[in-house]
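This report is for a reader meeting the structure for the first time.

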Amino acid sequence: MQIKSQINKIIEESFKAINITPKNTQVSDATKPEFGDYQYNGAMALAKELKQNPREIAIKLANELEKSELFEKVDVAGPGFINFTLSSNFLSKNIVKSLDSRAGVAVKEDPIKVVVDYSSPNMAKQMHVGHLRSTIIGDTLANLFEFLGDEVIRQNHIGDWGTQFGMLIAYFEENQKDIDAKLSDLEEFYKAAKKRFDISEEFAKKAREYVVKLQSGDEKCLQLWSAFIDKSLQHCQEIYDKLGVKLDKSCVKGESSYNDDLKSIVSELETKGVAKESQGAKCIFFEGSNNPLIIQKQDGGYLYATTDLAAIKYRVEKLGAKRVCYVVDARQSEHFKQVFEAARLAGFVDESILLEHIAFGMMLDKNGKPFKTRDGGTVKLIDLIEEAIKRAREVISRADDYTQEELEKIAQVVGIGSLKYADLSINRQSNYIFDWDKMLSLDGNTALYMQYAYARINSILNRAGKFETREPKLSDELERRLALKVLTLEDTLLKAYKEAMPHIITNYLYELATLFMKFYENNPILKEGVDEETKISRLNLAKATANAIKVSLNILGIEVLERI
RNA sequence: GCACUCGUAGCUCAGCUGGAUAGAGCAUCUGAUUGCGGUUCAGAAGGCCACAGGUUCGAAUCCUGUCGAGUGUACCA
């Protein structure tokens, strides 16, 4: 349920009742729990405008606000802060509603069509750590949008076109071998080809010729190329499956698929006067910037900017997207800024369509240096995943007497979950320091802490057996706060939605789990001496908490375990 | 050179549509719990929010400048 918007509405109405039209009617979270649940600070800003005492305005407004049944208390404090405390009755009533499979979160009233472009591996190489953030953040955003009711189209804009494939084909021709055998380690194959390319002028020339042949549709080249792609996609799919990322073949729409549109895109941009020739290349210039966006090279070749423009056109015109999210490395900010601007100049998109570069920082090691293997190579994503699972296995196997099968399942869920959570819990815009120990710690804002909290609640519920679904009686401040936190899930998701920031959800989860741990420590549920009424009340609250944790984690693409 | 991002506790990070005494976790110190599930909970200590100005009743948050870090900057993707 949405709480803030309900309060905002009441504020608006209350202002109407006292004949004031304010600029801002938004409540914010209370800065301290002692103040209440929410606060409104608008009275101070209004005071100057109306030439009235802020406190008087606040009191007048508070008198109106008090009439609402939503609040137990409306206080005016200091120079004119208005503090709201929600009624416990309101909280308990809604806790019951949050026991459903959506944890009480409504579907958006105005669903839109959204394209999320993420992962986008290069088909000539294996996936490496650089692809992790895009894949995880993108998948989470897609899950979130979907959960809230948008129609989500996941697009994997794979790098399956360009010079590198000429290189691969040339190298393959040179070393005629069985394609499966050769491609079993694509990485090695690519490296070998690249080496040849750098050393031999003759080989490089041949590679370029193959690019031209490929792009003009040479049968044999296409066949080889498509075998490369198939093989490479298989590798990617293994990783997606392992990560539990919802990408598959149907999401693949690679660079090559726009090949046939590029020519007409360029001529359309020229006709519209958006693109001009400069130094032999076709460029789009922008006001206040010296760097143009080049869409066609001197030699007539197209660039990735051209492909991106074709992709925008496709997504908006063919797919009908109203919001397009590009989950790509922050280093490409300028590129996307230019591409988006160009798309607007060309009239491919109007103001109603939101084009967003969901930028994220790099993964760094403990010393703040780019994350590499010991000998300075790129870390293969598959190795990173295996390592996460291995480490998770070590952490949990200290704990209990699992069967081999259980241990494997738990190691998978915890390892993958931790890897994802560590990434998602940090503001995506900044670089992030990758730390195995912190990632798999049970303390602090980690996946294990959440999964453990969930399993713990689950254990209590199992021990309790069947019990009645009932509005919990919130008997103390801790229970109130926990209940309120459970109910703010929807507000949290909407904020994360608007800003495309997964860490807003993890912050919420951490607060929720922490509150639960406190509640659990202080308010026994199944211990002797707890009366039946209180027990059932607390069981309901615990169940609602578990539900909110589960729903949130699932949006993050993290599984919960009934037992750890 | 120019552009973008960033600078908050020893470390890793929240907070940034301006609000009350700037919050967590780790590490450090102290206490509770003989265990509804062990890896739990409570408390202490730790801050010129890079620096200097400005706007404002009010600035970590907005603006300008300086310093420092990272990234990008014409035919790779």
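The text below describes a predicted model, starting with the chain as a whole and moving to single residues.

## Domains

Chain A is divided into domain 1 (4–86), domain 2 (113–363) and domain 3 (401–555). Between the C-alpha centres of domain 2 and domain 3 the distance is 39 Å. Their contact takes 23 residues from domain 2 and 24 residues from domain 3.

## The four-stranded sheet

An open sheet is formed by four strands in the order S6-S5-S10-S11, and the pairing is parallel. Strand S6 (151–155) and strand S11 (354–360) are the edge strands, each pairing on one side only. From one strand to the next, the twist averages 20 degrees.

Strand S5 (residues 113–117) and S6 run parallel and are joined by five bridges. One pair can be picked out: Val114 has Val152 in S6 as its bridge partner.

Helix H5 (residues 132–147) lies across S5, S6, strand S10 (323–329) and S11, and runs at about 165 degrees to S6.

## The three-stranded sheet

Another open sheet has three strands in the order S7-S8-S9, with antiparallel pairing. Strand S7 (275–278) and strand S9 (293–296) stand at its edges with a single partner strand each, so one side of each has no neighbour in the sheet. Here the twist averages 45 degrees from one strand to the next.

S7 and strand S8 (residues 281–284) run antiparallel, joined by four bridges. Within this pairing, Ala275 stands opposite Ile284 in S8.

## A hairpin

Strand S3 (residues 71–77) and S4 run antiparallel, with six bridges joining them. The bridge partner of Ala77 in S4 is Phe81. S3 and S4 form a hairpin with three residues between them, and Gly78 in the turn has a positive phi of about 55 degrees.

| Strand pair | Bridges | Direction | One residue pair |
|---|---|---|---|
| S5 and S6 | five | parallel | Val114 and Val152 |
| S7 and S8 | four | antiparallel | Ala275 and Ile284 |
| S3 and S4 | six | antiparallel | Ala77 and Phe81 |

## Two packed helices

At what angle do helix H6 and helix H10 pack? Helix H6 (residues 163–174) and helix H10 (residues 219–243) pack at about 105 degrees, and their axes are 10 Å apart. That angle makes H6 roughly perpendicular to H10.

On the H6 side, the residues in this contact are Phe165, Leu168, Ile169, Phe172 and Glu173. They meet Lys220, Cys221, Leu224, Trp225, Phe228 and Ile229 in H10. Sorted by class, the contact has nine nonpolar, no polar and two charged residues.

## An enclosed helix

Helix H18 (residues 477–487) is largely enclosed by the rest of the structure, because nine of its 11 residues are buried. The buried residues of H18 are Leu478, Glu479, Arg480, Leu482, Ala483, Leu484, Lys485, Val486 and Leu487.

Which elements cover the buried residues of H18? Among the strands that do so are strand S2 (38–40) and strand S4 (81–86). The helices that cover them include helix H4 (88–97), helix H19 (489–499), helix H20 (503–522) and helix H21 (532–555).

Most residues other than glycine have a negative phi. Ser119 has a positive value, with phi near 75 degrees. For Ser120 phi is also positive, at about 40 degrees, although Ser120 is not a glycine.

Ser119 is found in the loop between S5 and H5, and Ser120 lies in the loop between S5 and H5 as well. Are these residues buried or partly exposed? Ser119 has 3% relative accessibility and therefore counts as buried, the cut-off being under 20%. Ser120 is partly exposed, with a relative accessible area of 24%.

Methods. Residues are numbered from 1 along each chain as its sequence is written. Chains are lettered from A and ligands numbered from 1 in the order in which they are written. This is a predicted model: local features need pLDDT of at least 70, side-chain atom pairs count only at pLDDT 80 or more; totals for chains, interfaces and linings use all residues. Side-chain values use heavy atoms; hydrogens and water are left out. Axes are lines fitted to C-alpha atoms, for helices over the stretch in contact, and angles run from 0 to 180 degrees between N-to-C directions. Angles under 35 degrees count as roughly parallel, over 145 as roughly antiparallel, 65 to 115 as roughly perpendicular and the rest as oblique. Contact means heavy atoms within 4.5 Å. Ala, Val, Leu, Ile, Met, Phe, Trp, Tyr, Cys and Pro count as nonpolar, Asp, Glu, Lys and Arg as charged, and the others, Gly among them, as polar. Buried means under 20% relative accessible area, exposed over 50%, partly exposed in between (1.4 Å probe, protein chains only). Two strands pair if DSSP finds at least two bridges between them. Domain bounds come from an automatic or database domain assignment.
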